[in-house]
Amino acid sequence: MRKRGPVFFVLMAGLLPVTLLSGCSSETTISGTAGRAESGAGEKVTVALWSDQLTEHYGAYLQNCFPDVEFEFYVATNSTDFYRFKEENGDLPDILTVRRFALSDVESWRDSLLDLSDSELANTYHQAYLRSYTYDDGTVNWLPACAEIDSILVNRSMLEEHGIPMPTDYEEFVDACGRLRELGIRPFLTNFDADYTCMEILQGLSASVLTSQDGRQWRQMYESGQTDELSEEVWMPVFERMLEFIDYTGLTAQDLEIGHMDVFRYYEDNEAAMVRATGEEAVRYGEDREVALMPFYGETKEDNWYLTYPAFQVAASAAAEADPEREKLIMDILAAMLNEEGLLHITNGENLVAYSRGVEPQFSKELENLQSAIDGNRLYIRLASADMFAISRQVVQGMITGEYPDARSAYDAFNAALQRAGEEKESETAAHIERDYEYGFRPEGGSEAASAVINSLREAVGTQMFVGQASNVAGNIMAGDYTKQQLGFLTQGETTEMLLSEMTGEQLYRYMDYVLTTPGRRGSVINDSTLYVSGGFEMEVRRTDEGYALERLTVEGKELDRNEVFSVAVLGSESLMQKEALAAAGVSNYVKSDASFKQIIVDRLAEEGKQLAAPSDYITLR
């Protein structure tokens, strides 16, 4: 495995004491806009963001920290399969972020990533959590950002009303469930229709077993690719505990039809006393009642664990090793991403729970119980391989319906599915893309890849004009054969909405002005790579001290008629940006398309046998 030489240690010694402790600058705030570091003047650094929620504040924070770096942001699919595809095509971004993650999913191409094991950055993490990112040979390629807490939200007011003590261990939790059922109240409810819920409940109930010495040893073997089987000693008790839980909470097959929002409707209507919830949901649903986010209970208080998952994991391409100065810059950026200041930009300054040392936790009252768990390093990081999601859903749902009536049948079914999963990877070619399309932004023309996608969407929906953000296209588009899954990697993994309307030329001017100049929204422009892309018209835009200003819109080089009416489609988040942008333009009547923009691109290439539409020069940036 790749290890660091003397040059690396000299660089790190000079760099990290500053970046880790002080962040970008003492001047930086959660909404700060002033430029910071001098590192890497003129360097281009590509950062793949796991979600577009990171662009509005977190991406802007990085841009502000390193004003002389040319950041190229795009929104990836939240899957390590996306990065494996990029790696196979020699197109890994400089910095990778992903939420759905397990070491086992990236083991085959880990040599393409920087080994961080000897870095001061890795040494800031508690060993209890760093262990989950360490291969059996000591290599560490990925590090977690702050923790998302996902545990048991208890309606404290309801329990007090019925004289039921707040549970503090497993026996008291079981007793509370029994007493609630006697009162006709659902003791616990969650959305078992979702794969992540099935996985988290299965693991959360048995965190004390999974974090035992045997549990840690099995996990490291699994994550390092040394086994594709469950350990009977570790996992049989997991399925036994799950069956007990199904029994004493009264779960039935009908509960599999309950969706996420239905769960909280039951909770708000006092029909369910406890639900699985995140820290954010605990705050939201604790506004009008006394609640507490409690752990998954063990046999004693000391065995209680909070289930967590990182807001995302981050890694860096090993290509940086070719140039010590560039490697220094990349490590500097990673440090800024993961220090306290960077983490606060992820949590918007609230309820920060870190896996690393030297970061002060900050809690609202609903999460006050977390302090003792943090002090005792009792935050369990879920095992979240791609296979674990799907198989947990299959088996847990089967346990609830009675398909797997005992722990042995559930264990055997999980094991069989785990071994099959490695043999069923999609390989059939669905489409062939004939040419490369570069994502990089050009002041005279824009992004070729983004333009090809936007023009393809405009053809599909049949509007005269189409507007979407460049970062909705996931980087370079490479020529070659694609499976259907890989075609989905061409655009961002989340589903953004297409809104169809009619606008006058004047309204289109107002709309473009709004999206170019409004900060802090889902879809705000933070640098050149996140500028908007137009299909059917062109933009002339000028850089300003504050950002960007719209100067002129044209159609085939001629001034856009402000009085003419056009059919226009816009792409983005309706609730978090586009509804406001359309209202600012004076547009209140619009229709939301039922079609997914991602699926339109996949179908065009795979089902219709077409190529992407020809890109156009849609912008001039001065």
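So, Ser-573: leaving out residues up to four places away in sequence, Ser-573 touches Glu-497, Arg-522 and Gln-578. Keep in mind, everyone, that this is a predicted model. Where does Ser-573 sit? Its place is the loop between β20, residues 565-572, and α23, residues 574-584. The side chain of Ser-573 also reaches the backbone nitrogen of Leu-576, at 3.2 Å. And is Ser-573 buried or exposed? Buried, because its relative accessible area is 14%, and the cut-off for buried is under 20%.

Let's move on to the nonpolar cores. The largest one has 151 residues, and among those with the most contacts inside it are Trp-142, Phe-312, Leu-334 and Tyr-511. Which helix gives the most to this core? That would be α15, residues 324-338, with eight residues. Take Leu-334 as an example: setting aside neighbours within four places in sequence, Leu-334 is in contact with Ile-95, Leu-116, Leu-121, Val-314 and Ala-316. There is also a second, separate core of 62 residues, including Phe-188, Met-236, Met-274 and Phe-389.

Last stop, the largest pocket. Its volume is about 1400 Å³, and 42 residues line it. Nearest its centre you'll find Gln-53, Arg-99, Glu-148, Thr-278 and Glu-280. Elements giving two or more residues to the lining include α2 (55-65), β5 (147-155) and β7 (272-278), while the largest share, five residues, comes from α14. What is the lining made of? The residues divide into 15 nonpolar, twelve polar and 15 charged.

Thanks, and I'm happy to take questions!

Conventions:
Residues are numbered from 1 along each chain as its sequence is written. This is a predicted model: local features need pLDDT of at least 70, side-chain atom pairs count only at pLDDT 80 or more; totals for chains, interfaces and linings use all residues. Side-chain values use heavy atoms; hydrogens and water are left out. Helices (H or I, at least four residues) and strands (E, at least two) are DSSP runs, numbered from the N terminus. Buried means under 20% relative accessible area, exposed over 50%, partly exposed in between (1.4 Å probe, protein chains only). A polar contact is a pair of N or O atoms within 3.5 Å; within protein, one must be able to donate a hydrogen and the other to accept it, and residues adjacent in sequence count only if both atoms are side-chain atoms. Contact means heavy atoms within 4.5 Å. A nonpolar core is a set of buried Ala, Val, Leu, Ile, Met, Phe, Trp, Tyr and Cys residues joined through side-chain atoms within 4.5 Å. On a 1 Å grid over the protein atoms alone, a cavity is a set of points where a 1.4 Å probe fits but cannot get out, and a pocket is an open set with protein on both sides within 12 Å along at least five of seven lines; lining residues have an atom within 4 Å of a point. Grid points are joined across faces, edges and corners, and a volume is the space filled by probe spheres set on the points. Ala, Val, Leu, Ile, Met, Phe, Trp, Tyr, Cys and Pro count as nonpolar, Asp, Glu, Lys and Arg as charged, and the others, Gly among them, as polar.
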